[in-house]
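Let's take a friendly walk through a protein model, one feature at a time. Have the sequence and the 3D view ready as you read.

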Amino acid sequence: MTALDAIPVVETAKSTYLAVEGRPGEPLIADKFNVSGLSLLSTQDADIDQQIAGRAIVKANRASGGLENLKGKLNQFAGELRPPNKNGVRNPYNADLANSVGMFAEIELRDLWRHPKKPFPQSADPIAWEVWLEPTEVDDFVATAVHQGMTVYPDRLEFPEDTVVLVEGTTDQMATTTVGTGSVRAVSPPGVPIDFVEGLEAEEQAEWVQDVLSRTHYEPDTGQVASYVTLLDTGITLAHPLIQPALDAADRHAAVPGWDLEDLDGHGSRMAGIALFGDLRSHLQSTVAIHVPHRLESSKVIPDAGQNPHHLLGDRTQKAINAVEVEPDRLRTFALATTTEDDTPHSGAPTSWSTELDQLAVGRSGDVKQQRLMVVSAGNLSPQHDGTIDYLAKCDDIDEAEIESPAQAWNTIAVGAMTEMNDVGGPTHGSTLAVLGDLAPMSRTASWTKTWPIKPDIVLEGGNWFNDGYSTTPNQHSDLMLVTTSRNYPARSFTHIADTSAATALAARDIAILRSAYPNLWPETIRALYVGSARWTDQMWSHIAPADRNKKGAYDVMFTRYGYGQPNMDRALKSASSAVTLIAEDHIRPYENKGSGRKLNEMRLFELPWPTEVLRGMIGQDVTLRIALSTFIEPNPSEVARGRKNRYASHGLRFALKGADEDVNEFTRRVGRTAVDDFQDDNGPDSGEWDFGYNRRSVGSMHIDTLTIAASDLAQRGVIAVYPVGGWWKENRNVDPERCVARFSLVVEIDADEADVDLYAEVQAKVPVAAAIKV
């Protein structure tokens, strides 16, 4: 017992570590050390023949009294005897535990080393560590590690009983932090070497491929797969083992017959890896199963030599889509990560290419007349810019950094890049340009704040760049890029991708997963769900002073850089118990012939199934309402050339919320007055209360806004109107009135935040009622 009493107990630590050594020639019953506040971290079996004792590393939780429980069992062994057995023999309590123990000792950090082959590091310099922690104690460990001078990277891997964190520091720092917190279950080398892609030989990379492949479940190719990512790019290689199960040879096409279907450039194959797996780095660092619920198609839109003539960009895109739609009934998410600088600056006005994308999305172009869901990259700045000190000023430059055509298309989802990579493994020297959660250093932005759509719509991971302290231009580093599949397999299995191409592939993957979960939803609805799930990060918010956050003009910098922010797939896929998402898919005939012209025709009213009594009972509590209205317009660029405001679109739709003191008739009359001139009704009860405001949200073909009000107030406001405003359908009587019918999707989310109320259960049994009335 003297040895056990001598184990040092650190008062700040959650647990105390001890090494248990068995008796030579006897088995150590390690399971006895996995009960009563004790956690067995690792064991080394005894070798009876060689008289080598077994060994166990144990963590004794202080809150559960683990060490005291162990001492109590040993004291009981020394002082008490059990009642006589059938032979009349009285044995000590806990004899099997006590008799197998030879000694107790302090542990060394090497005792927590878990790699089966690599030896414990001997270097005195800082090195990278993969630290396996108690999930509930991560924050304490991180705070202590930072206090000890260690670098803690933001990446996390979550497992049922462990959270894995990547840190960098010396062995002494790691040992002090481990003993000081008692939260560490194991340490190991990082799952992926810092120079992973460049540092591994082809054979080693192939072993990593086989590991990922063995853990991946692909949806079977039954002809009934719900969702495809269709890459309009440089083609995709079929040779790569991670791509092959998700891509049939027959699903490779080209805009121009006779083009080689192979990916001779590599960009398309890099996009393919991200579209299937996301950043492969996360899977290489993990051992968990991988599910790929969607498949790939390829339609080559970029020639292997030279480039598409500018006047054929729209035509080549249409022909690439026609080529894949020989199979017309698949649920497709088209991804286009090529742009042109020839039309820049355009200040948001349509070009021939962006107009063709709008026609393809709404179904007015292409051999198959159907709505299409399309994601398009915002385009990248030249990496030769000198924004190593203030890169955001370069990204905001009106003349040099405007998003490139065709990303301004109304009906598509334009994707910019942000980053959560900040010294992951670290550049060799220097510092990263972008702060965690901010715009990626090469992402283009919008230069306009009115009239034309909010672009980009969303931003996703595009990696980071760094300043080496010597160059006047930014530098790339492999650890600040996403890992993906290489076209050069088997010579190379992995490579990197970054910037808005990577972000676009991630968006296509997200949307394909969303479509596989909800195959019956319209493309307009998927767009509203996905973009509507986006939020600005804390770092993005930092660019608006708290005092200015009630000024709608202050949001301009947010929309032009980040669109609606970073999407959240959990939010898009499902509603939590305190958040309810209501979806309506409907049609509206916005105009009618009247005399020699056309007039506004009808609005649609939605009486939403508010849990009225529950909301009224939430005294003193606020709820947040978020509305997304999505429609696909038919474009008419000629109207823009005539200088007519907002007549590029065939129609315009808006939404309004009933006031608490309005009855439905008063509400519809107010909306009708507003609709005629497409002006905000300054006297209306919803005037000024929305976060973004009428003028900001009433651009483009998707409108999103949020409103935070008292729950009791919302209880009286359960009617939403969707109503038309002007468009070229209204102005042009030559268009067939029978086809002037607009589809739209309305997505309404109620979020009670931290309130102790299950709104979902209250709404679940109710059914919304829609009605059509005259404007």
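Helices (at least four residues) and strands (at least two) are runs assigned by DSSP and numbered from the N terminus. With those names in hand, find the loop between strand E18 (438–439) and strand E19 (458–461), where Pro456 lies. This is a predicted model, and in it the peptide bond from Lys455 to Pro456 is cis, with omega near -5°. The loop between E18 and E19 is also the place of Thr451. Thr451 is not a glycine, yet its phi is positive, at about 70°.

Another cis peptide bond joins Ser405 and Pro406, and its omega is about 15°. To find Pro406, go to the loop between helix H12 (391–395) and strand E16 (413–419).

## How confident is the model?

The average pLDDT of the protein is 86, and 88% of the residues score at least 70. Where does pLDDT stay under 50? That happens over residues 767–775, a stretch for which the model has 29 contacts beyond four places in sequence. Where pLDDT is low, the predicted coordinates should not be read in detail.

## A sheet of four strands

Now turn to an open sheet in which four strands follow the order E2-E3-E1-E4, with antiparallel pairing. At its edges are strand E2 (38–44) and strand E4 (101–105), each of which pairs on one side only. From one strand to the next, the twist averages 25°.

Strands of a sheet pair through backbone hydrogen bonds, either parallel or antiparallel. Take strand E1 (residues 15–22) and strand E3 (residues 55–61) as an example: they run antiparallel and are joined by seven bridges.

Helix H14 (523–532), helix H17 (569–573), strand E27 (622–631) and strand E31 (742–751) are the elements that give two or more residues to the lining of the largest cavity. Sorted by class, this lining has six nonpolar, three polar and three charged residues.

## An open pocket

The second largest pocket has a volume of about 860 Å³. Its lining is made of 41 residues, and those nearest its centre are Ile302, Ala337, Thr338, Thr339 and Thr340. By class, the lining of this pocket divides into 15 nonpolar, 17 polar and nine charged residues.

Which elements give two or more residues to the lining of the second largest pocket? They are helix H8 (267–277), helix H10 (313–324), strand E22 (494–497) and helix H13 (499–517).

Key: Residues are numbered from 1 along each chain as its sequence is written. This is a predicted model: local features need pLDDT of at least 70, side-chain atom pairs count only at pLDDT 80 or more; totals for chains, interfaces and linings use all residues. Side-chain values use heavy atoms; hydrogens and water are left out. pLDDT is the predictor's confidence in each residue, from 0 to 100. Contact means heavy atoms within 4.5 Å. Two strands pair if DSSP finds at least two bridges between them. Axes are lines fitted to C-alpha atoms, for helices over the stretch in contact, and angles run from 0 to 180 degrees between N-to-C directions. Ala, Val, Leu, Ile, Met, Phe, Trp, Tyr, Cys and Pro count as nonpolar, Asp, Glu, Lys and Arg as charged, and the others, Gly among them, as polar. On a 1 Å grid over the protein atoms alone, a cavity is a set of points where a 1.4 Å probe fits but cannot get out, and a pocket is an open set with protein on both sides within 12 Å along at least five of seven lines; lining residues have an atom within 4 Å of a point. Grid points are joined across faces, edges and corners, and a volume is the space filled by probe spheres set on the points.
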